[in-house]
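Subject: Structure handover

Hello,

Here is the structure I said I would pass on. Please open it alongside this note, which goes through what was found.

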Amino acid sequence: MNKKNLTAYLAWVTICIVWGTTFLAIKIGVESLPPMLFAGIRWIIAGPILLLVLYIKGIKLPQKKDFKHLAIIGILLIGGGNGFVVIGEQWLPSGLASLLITTLPFWIVSIEYLIPNSYKLNKFMILGLVVGFFGVSLIFWNELENLLNGNYFWGIVSVLAAVICWSTGSLYSKYKPIGSHPLMNASWQMIIAGTLQISIGLFLGEQNSFSLNTDGVLAMLYLVFIGSLLGYTSYIYAISKLPVSFVTTYAYVNPVIALLLGWMVLDERINFTLIIAMLIILAGVALVQFGNFKKVKV
């Protein structure tokens with residue numbers, strides 16, 4: 001294993017741990033702050049900080065022709081992928097939101113299958129998708145009573161929309177690689193997406209309900225420096241060096257951390273059915289990943 005690969009794998013480990021904690025920070029922040037402004041301010045602070053550091057280090061700016069692709073990736077990954085999670089966590093427990101994110105590898109495989117001249121699904125991938133669907137269905141069954149609450153239902157829809165946006169953005173970045181440094185790309189994605197989220201928040205009048213308290217400030221700072229500057233840059237670097245299908249296996253670890261933190265800090269409910277659903281989904285993800293491995297080997 002060369003040094004670049006080692007760094008990429010360390011970035012993947014960082015994602016596994018850090019993004020398991022961000023669900024809690026988002027839940028704490030969104031309790032007192034409106035979602036779009038909360039999400040956008042995080043990125044509009046982190047992006048310029050990262051850009052300044054890279055510029056001082058002499059990292060070249062992207063070419064003009066690359067900004068269209070940077071905008072698409074940033075809007076999909078951060079604008080939609082992160083934005084919809086923040087919206088969803090207004091109504092959902094942080095642990096449940098993280099559990100729904102574990103479906104990410106299923107969406108990656110399914111969307112990539114629709115791309116012309118891409119691979120065909122094999123029996124392991126199909127079985128994994130079926131198993132994963134059963135696990136997600138179990139979550140819905142477990143939350144059937146709560147689904148009658150409209151906000152709770154739309155929270156689930158919002159998080160699933162986030163997964164679709166994130167999957168699409170990840171695949172777009174795979175098939176439309178940008179020649180500039182991955183972290184420089186990440187900084188501009190943060191700036192573009194953060195600007196969009198803040199613009200949407202202002203359009204919706206969220207500034208009228210924006211009021212910082214201690215919890216909101218601490219959540220914001222954590223998400224800026226740990227979730228964004230450390231976590232997102234690690235993700236962008238990892239997918240630039242490793243297969244997207246492998247990098248998205250961070251979804252194996254995130255829900256375990258998020259569920260435990262939600263239970264310990266916010267007293268969120270964890271029951272037997274939810275644990276079984278998580279194990280079933282992870283089994284489905286493992287089958288999909290194994291099928292992916294067989295596809296690569298063939």
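A cavity here is a set of grid points where a 1.4 Å probe fits but cannot get out. By that definition, the structure holds one cavity of 30 Å³ or more. Please keep in mind that this is a predicted model.

**The cavity**

The largest cavity has a volume of about 270 Å³. Its lining is made up of 17 residues. Closest to the centre are Trp19, Phe23, Gly81, Val85 and Trp166. Four helices each supply at least two lining residues: helix 1 (3-30), helix 2 (35-56), helix 3 and helix 8. Which helix gives the most to this lining? Helix 1 does, with four residues. By class, the lining of the largest cavity divides into 12 nonpolar residues, four polar and one charged.

**The pocket**

Next, the open site. The largest pocket has a volume of about 330 Å³. It is lined by 18 residues. Ser173, Pro177, Ile178, Asn185 and Ser240 lie nearest the centre of the pocket. The elements giving two or more residues to this lining are helix 8 (150-175), helix 9 (182-203) and helix 10 (214-241). Helix 10 gives the most, with four residues. The lining of the largest pocket has eight nonpolar, seven polar and three charged residues.

His69 has 16% relative accessibility, so it counts as buried; the cut-off for buried is under 20%. Beyond its neighbours within four places in sequence, His69 is in contact with Tyr172, Lys176 and Ile178. Ile178 is also one of the residues nearest the centre of the largest pocket.

**A helix pair**

Now look at helix 4 (residues 94-101) and helix 12 (residues 254-265). Their axes come within 8 Å and cross at roughly 170 degrees. Angles over 145 degrees count as roughly antiparallel, so helix 4 is roughly antiparallel to helix 12. On the helix 4 side, the contact is made by Ser94, Gly95, Leu96, Ser98 and Leu99. On the helix 12 side, Pro255, Ala258, Leu259 and Gly262 make it. What classes of residue are in this contact? There are five nonpolar, four polar and no charged residues.

Ser98 deserves a separate look. It is in helix 4. Ser98 is buried, because its relative accessible area is 1%. Leaving aside residues within four places in sequence, Ser98 is in contact with Phe23, Pro255, Ala258 and Leu259. Of these partners, Pro255, Ala258 and Leu259 belong to helix 12. Phe23 is one of the residues closest to the centre of the largest cavity. Ser98 and Leu127 are 29 residues apart in sequence, and their C-alpha atoms are 23 Å apart in space.

**Two buried residues**

Gly29 lies in helix 1. Is Gly29 buried or exposed? Its relative accessibility is 0%, so Gly29 counts as buried. Apart from neighbours within four places in sequence, Gly29 is in contact with Phe38 and Ala219. Gly29 and Val86 are 57 residues apart in sequence. In space they are 9.1 Å apart, C-alpha to C-alpha.

Val224 lies in helix 10. Val224 is buried too, because its relative accessible area is 1%. Not counting residues up to four places away in sequence, Val224 touches Arg42, Ile45, Ala46 and Leu229. Val224 and Gly47 are 177 residues apart in sequence. Their C-alpha atoms are 9.1 Å apart in space.

**A backbone point**

Last, Asp267. Where is Asp267 found? It is in the loop between helix 12 and helix 13 (272-297). Asp267 has a positive phi of about 60 degrees, although it is not a glycine. At 64% relative accessibility, Asp267 counts as exposed, because the cut-off for exposed is over 50%.

Best wishes

Terms used
Residues numbered from 1 in each chain as written. Predicted model: local features only at pLDDT ≥ 70, side-chain atom pairs only at ≥ 80, totals over all residues. Heavy atoms only, no water. Buried < 20%, exposed > 50% of the residue type's maximum accessible area, 1.4 Å probe, protein only. Contact = heavy atoms within 4.5 Å. Axes fitted to C-alpha atoms, helices over the stretch in contact; angles between N-to-C directions. Parallel < 35°, antiparallel > 145°, perpendicular 65-115°, else oblique. Nonpolar A, V, L, I, M, F, W, Y, C, P; charged D, E, K, R; others polar. 1 Å grid on protein atoms, 1.4 Å probe; cavity = no way out; pocket = protein on both sides within 12 Å on 5 of 7 lines; lining within 4 Å. Points joined across faces, edges and corners; volume = space filled by probe spheres on them.
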